[in-house]
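Welcome, and please open your viewer. We will walk through a few stops together, selecting one thing at a time.

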Amino acid sequence: MTFELDSRVRKNIRGMMKYASARDEFSGKAKIYLDANENSYGSPAGGTLNRYPDPLQRELRKKIAEEKAIAQEEQIFLGNGSDEAIDLLMRVFGEPRIDSIMIMPPTYGMYKVCADINDLAILQVPLRPDYSLNTELILETAAGKKPKLIFICSPNNPSANLMDADSIRRILIESNTIVVVDEAYIDFADAESWTKEMSAYPNLVILQTFSKAWGMAAVRLGMAFAAPEIVALMNKIKYPYNISEVTAKTVISALRQSRKKENMVRQIKSERSKLIATIADLPFVKEVFPSAANFFLVRFADAAAVYRYLREKGLIVRDRSGQMHCRECLRITVGTPDENRFLCETLEAFGKEKAL
Ligand SMILES: *Cc1c(COP(=O)(O)O)cnc(C)c1O
C-alpha cells in the first residue's frame, strides 16, 4: 500500500528544526558532563535524578519492542499517557481552523477535547445502535470531507466492544487517511493487536497504554506504534524530556514482571464474566452489553436511581446516559472479587428496597 505522508504534515511542522538538547548533541559516554546545567552534586531525592533523562527513551523503547514484538524501536513513540500521543498527532497533521478529524460516538472523550484545543473541526459518524462501525458512512464522509485523522477506539470506551477487523481493514485501505486505532483495552480482548499488521499499513497508528491492564495509571505512560516516519514527526514536536527517568525505571521494572500483569488480566476477565452474568439477571436491568474490556455497559430501567443508590452506599460508577446510544446506561469497571461482591449485593438490595 502506498501512502504519501509529507504533503499531509502541517507546513510549519515540516519546515521547523526540532529543539536540540544537550543530550541530543552529545549522546556518547564521557567522564564529566558539564553541558546541561544540571546539578553535579546530586539531589535530595538521590539516585541519578539530577541528570536529564534520555530524550528518546532508548532503553525503555527497546524493552517495549521486545514485550510487544515490535520489529523496530523506530516504530514506537512514548508519551505522557496516550493523551499526549492523541494531542501530538493532531498537532502534526491538523491545521487549526482548516482541518478536521473523524470520531465515532459514543467514544472516548479526549479525541474531542484535543480537537477542540487544537481548533480542529470534528466529523461525527455515530456507531450503530449495536455499537458497530458504520463503515459505508465512514468511507463516504472521509472521501467528501477529507479529515486528517480517523479515530477508532477498539475495544471502545464506553461500549466495551471490539470493532470488526474487516471494517477497520477496509477503512485503512479505502479511506486514504491516517487511521488511529486506540487499543487501551486490548489486553482484555480475545483478539490480536493491530501491531501485528503494522507493516502492511503506512497510515495506521495504534495507541496503547500502561494505565489499564498494567495497572500503572499513576505513572503516565502511553504508546503509539506507527511507521517510523510518523513516529519521527511526533518525536520532533514533543517536549524534549516528556518521559521522566522515574517513569522509565518504574516501567522497565514492571516489564520484567509481565506474568503479574497476565495473572491480573486473567482474573479480571473471569470476574467480568461472573459480574455480567449476575447483573444480567437482575429484574431492573434491561441489558448488559458484551465486553472485551475491563468494564461493561449496563442499561437499567432507571440509571439515575441506580447511580444515586450506589453512590449513597459509597460505590461510584460512571453515568453514561447522556452519550449517544447510551440512554439509561451506566459504565461499570470490573473490580476485585470483594468489590464485585459488594457491587452485586448493593444492586440486589436496591432491587428489594425499590420493590422492582
Ligand atoms: C483510559 C484510556 C486511555 C488511556 O489514557 P492514558 O492517557 O494513557 O492514561 C486511552 N484511550 C482510551 C479509550 C481510554 O479509555
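Which helix gives the largest share of the lining of the largest pocket? That share, 4 residues, comes from H9. Before you select anything, note that this is a predicted model, where local features need pLDDT of at least 70, side-chain atom pairs count only at pLDDT 80 or more, and totals for chains, interfaces and linings use all residues. Residues are numbered from 1 along each chain as its sequence is written, and side-chain values use heavy atoms, with hydrogens and water left out.

**Stop one: the pocket.** Select Lys 29, Tyr 52, Pro 53, Asp 54 and Glu 245, which lie nearest the centre of the largest pocket among its 22 lining residues. A pocket here is an open set of points on a 1 Å grid over the protein atoms alone, with protein on both sides within 12 Å along at least five of seven lines; lining residues have an atom within 4 Å of a point. Its volume is about 730 Å³, counted as the space filled by probe spheres set on the points, which are joined across faces, edges and corners. Now colour helix H3 (58-68) and helix H9 (245-255), as each supplies at least two residues of this lining. Helices are DSSP runs of H or I with at least four residues, and strands are runs of E with at least two, numbered from the N terminus.

**Stop two: helix H4.** Next, select residues 82-93. At 1.5 Å a residue, times one less than the number of residues, the 12 residues of H4 should span 16 Å, and the end C-alpha atoms are 17 Å apart, which agrees. Of these 12 residues, 10 are buried, meaning under 20% relative accessible area with a 1.4 Å probe and protein chains only. Ser 82 and Phe 93 are among them.

**Stop three: the ligand.** Stay with Ser 82: an N or O atom in its side chain is 2.7 Å from an oxygen atom of the ligand. Thr 209 also has a side-chain N or O atom 2.7 Å from a ligand oxygen, and for a polar side-chain atom of Ser 211 the distance is 2.6 Å.

**Last stop: the cavity.** Select Met 104, Tyr 111 and Phe 151, which are among the residues that line the largest cavity, a set of points where a 1.4 Å probe fits but cannot get out. Its volume is about 50 Å³. Strand E4 (residues 149-153) gives the most to this lining, with 3 residues.

Terms used: Buried < 20%, exposed > 50% of the residue type's maximum accessible area, 1.4 Å probe, protein only. Polar contact = N/O pair within 3.5 Å; in protein donor to acceptor, adjacent residues only side chain to side chain.
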